[in-house]
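This report concerns aromatic pairing and helix packing in the structure shown below.

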Amino acid sequence: MTLLPPGLLNVIGVFGFSLYVMNYSLLTLHKLTSHSALYFVINGVAASCVLISMLASFNLASALIQSFWIVISLIAIGVRLRRNVEQGEPQAELA
């Protein structure tokens, strides 16, 4: 049971899907690189949105996939930010 209406959960899920598609398109068109933290930020937000949307209709396999993307995105962001600090680059940069 959730406090959010199913319609809103569907909108959140579609937004997550849109982020996935946009992220992959930007990567394919070389507007974004998989070496940037921004790529993983967008991926993590997309996965979080899809996972939230599953409160309306749970699917274990999909929840596991989204959870994996969230965890691996957080790890990748941490690695990139730590590397930037070690190299003396500003932390505010995600690219």
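This is a predicted model: local features need pLDDT of at least 70, side-chain atom pairs count only at pLDDT 80 or more; totals for chains, interfaces and linings use all residues.

## Aromatic pairs

Tyr 39 and Phe 40 are both buried.

Phe 68 and Trp 69 also form an edge-to-face pair, at 5.2 Å centre to centre and with 65° between the planes. Phe 68 counts as partly exposed because its relative accessibility is 47%. Trp 69, with a relative accessible area of 35%, is partly exposed as well.

## Packing of helix 1 and helix 2

Helix 1 (residues 6-28) packs with helix 2 at an angle of about 155°, and the two axes are 7 Å apart. Helix 1 and helix 2 are therefore roughly antiparallel to each other, the cut-off for this class being an angle over 145 degrees. The crossing of helix 1 with helix 2 is left-handed.

On the helix 1 side, the contact is made by Leu 9, Ile 12, Gly 13, Phe 15, Gly 16, Phe 17, Leu 19, Tyr 20, Met 22, Asn 23 and Leu 27. Helix 2 contributes Tyr 39, Ile 42, Asn 43, Val 45, Ala 46, Ala 47, Cys 49, Val 50, Ile 52 and Ser 53. By class, the contact of helix 1 with helix 2 comprises 16 nonpolar and five polar residues, with no charged residues.

## Packing of helix 2 and helix 3

Helix 2 (residues 37-53) and helix 3 (residues 60-86) pack at an angle of about 155°, with 8 Å between their axes. The angle makes helix 2 roughly antiparallel to helix 3. Their crossing is left-handed.

Residues of helix 2 in this contact include Phe 40, Val 41, Asn 43, Gly 44 and Leu 51. Among the residues that helix 3 supplies are Gln 66, Trp 69, Ile 70, Ser 73, Ile 77 and Arg 80. By class, the contact of helix 2 with helix 3 has eleven nonpolar residues, six polar residues and one charged residue.

## Asn 43 in both contacts

Asn 43 is located in helix 2 and takes part in the contact with helix 1 and in the contact with helix 3. Asn 43 counts as buried because its relative accessibility is 7%, and the cut-off for buried is under 20%.

Leaving aside residues up to four places away in sequence, Asn 43 touches Tyr 20, Asn 23, Trp 69 and Ser 73. Of these, Tyr 20 and Asn 23 are contact residues of helix 1, whereas Trp 69 and Ser 73 are contact residues of helix 3.

Conventions. Residues are numbered from 1 along each chain as its sequence is written. Side-chain values use heavy atoms; hydrogens and water are left out. Axes are lines fitted to C-alpha atoms, for helices over the stretch in contact, and angles run from 0 to 180 degrees between N-to-C directions. Helices (H or I, at least four residues) and strands (E, at least two) are DSSP runs, numbered from the N terminus. Angles under 35 degrees count as roughly parallel, over 145 as roughly antiparallel, 65 to 115 as roughly perpendicular and the rest as oblique. A crossing is left-handed if the near helix is turned anticlockwise from the far one by less than a right angle, and right-handed if clockwise. Contact means heavy atoms within 4.5 Å. Ala, Val, Leu, Ile, Met, Phe, Trp, Tyr, Cys and Pro count as nonpolar, Asp, Glu, Lys and Arg as charged, and the others, Gly among them, as polar. Buried means under 20% relative accessible area, exposed over 50%, partly exposed in between (1.4 Å probe, protein chains only). Rings of Phe, Tyr and Trp (its six-membered ring) pair if their centres lie within 6.5 Å; planes under 30 degrees apart count as stacked, over 60 as edge-to-face and the rest as tilted.
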